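Opening the notebook on a new model today.

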Amino acid sequence: MSLFTRYKGTLKILALLIIISPLFGIILAEKVNYHEPIDVAAEKLHLHELDIYHTPFSDYEVPGLPPTIGYIIAGFIGIAVILGIGALAAKRMSK
Amino acid sequence: MHIPDGYLSPAWCIALYIVTISYGVIAWRKARHVINSETVTALSVLAAGIFVAMMFNWPIPGGTSLHFVGGALAGILFGPWLAFFAYVMVLTTQAIVFHDGGITTLGANIFNMGIVDVLVGYAIYRIVSRALGGTRKARVIGAFLGGWLGLAAAGTVAGIEIGLSPSFPYAVRITVPAMAFWHTLLGIVEGVITAFVVDYLYEKQSPLVQVALKLSSKTYT
């Protein structure tokens with residue numbers, strides 16, 4: 001049974017979650033000034049992130065798109081990459 | 001929870017890459033006989049679910065908050081060996097495509113989330129759910145405690161790694177309390193979500209659970 005047949009329900013839920021994700025990942029996060037415990041620790045030690053490589057979708061943004069729409073597109077890109085790797089590996093296993 | 005480039009000393013980065021790769025070799029040997037196209041597909045769906053769940057920040061007033069990590073959930077469903085590979089997929093994609101977590105610290109991030117969180121969450125779930133009789137209620141309580149304490153352990157270990165960097169003497173006295181306190185407090189939310197999702201998946205007999213049950217009957221864990 002294929003990925004899209006067997007996991008149709010799960011994939012639909014994931015797609016729905018990606019569509020509403022900017023509400024939590026962008027809008028409410030900005031409203032409450034979201035930062036993680038690691039940021040608290042880093043601030044106390046004056047640690048700074050090193051920018052040693054670049055990706056076009058840094059921080060789940062898509063160049064040229066508003067952050068909320070970019071976040072949604074980034075979500076779909078992410079699951080496409082993961083499911084794509086899985087599908088390739090599964091195909092190799094079945095040979 | 002994702003440690004970016006620049007937060008860990010080179011020695012820590014290398015050491016944690018070595019530990020993580022070594023664990024990966026053991027995980028592969030332990031799970032090799034159950035890895036087939038069905039298992040890989042199920043793992044990739046789980047990995048996609050974890051990836052999406054990590055996009056949901058918990059908006060807690062005051063700001064210091066987290067997102068779902070899911071180590072216990074992955075361990076409960078697929079056991080610690082296979083769950084490791086789901087995290088390799090998620091965290092590598094996040095680092096390479098979205099710059100979420102560093103490349104030099106990828107070994108550390110997989111170690112914290114894909115090994116520590118998974119192992120602690122899974123072990124607590126197994127102990128608690130068995131001790132309480134293996135009922136639905138036992139499963140929910142075990143998943144809650146596994147999700148909560150797994151995240152607390154992973155956050156504490158990340159604090160140790162950052163704090164023991166030779167560049168910052170005595171920093172561990174700052175990083176460990178900060179990381180342990182916040183992850184233990186906020187881990188309660190992780191526990192609640194883990195319990196809810198585990199209960200939902202088992203009650204609905206999700207295809208993920210069907211594959212997981214088939215695997216557990218082969219006693220690979």
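This is a predicted model: local features need pLDDT of at least 70, side-chain atom pairs count only at pLDDT 80 or more; totals for chains, interfaces and linings use all residues.

**Confidence first**

For chain A as a whole I get a mean pLDDT of 92, with 99% of its residues at 70 or more.

**Chain A against chain B**

Next I looked up how many residues of each chain take part in the contact. I find 50 residues of chain A in contact with 52 residues of chain B. On the chain A side, the elements giving two or more residues are helix H1 (3-6), helix H2 (8-31), helix H3 (37-45) and helix H4 (67-94). H4(A) supplies the largest share of that side, 14 residues. I also sorted the chain A side by residue class and got 32 nonpolar, 12 polar and six charged.

**A helix pair in chain B**

Then I turned to helix H5 (residues 136-163) and helix H6 (residues 172-203) of chain B. How do they run relative to each other, roughly parallel or roughly antiparallel? Their axes come within 6 Å and cross at roughly 155°. That angle is over the 145 degree cut-off, so I log H5(B) and H6(B) as roughly antiparallel to each other. For handedness, I have H5(B) passing H6(B) in a right-handed crossing. The residues of this helix contact split into 24 nonpolar, 12 polar and three charged.

Conventions: Residues are numbered from 1 along each chain as its sequence is written. Chains are lettered from A and ligands numbered from 1 in the order in which they are written. Two residues are in contact if their C-beta atoms, placed from the backbone, lie within 7 Å. Helices (H or I, at least four residues) and strands (E, at least two) are DSSP runs, numbered from the N terminus. Ala, Val, Leu, Ile, Met, Phe, Trp, Tyr, Cys and Pro count as nonpolar, Asp, Glu, Lys and Arg as charged, and the others, Gly among them, as polar. pLDDT is the predictor's confidence in each residue, from 0 to 100. Axes are lines fitted to C-alpha atoms, for helices over the stretch in contact, and angles run from 0 to 180 degrees between N-to-C directions. Angles under 35 degrees count as roughly parallel, over 145 as roughly antiparallel, 65 to 115 as roughly perpendicular and the rest as oblique. A crossing is left-handed if the near helix is turned anticlockwise from the far one by less than a right angle, and right-handed if clockwise.
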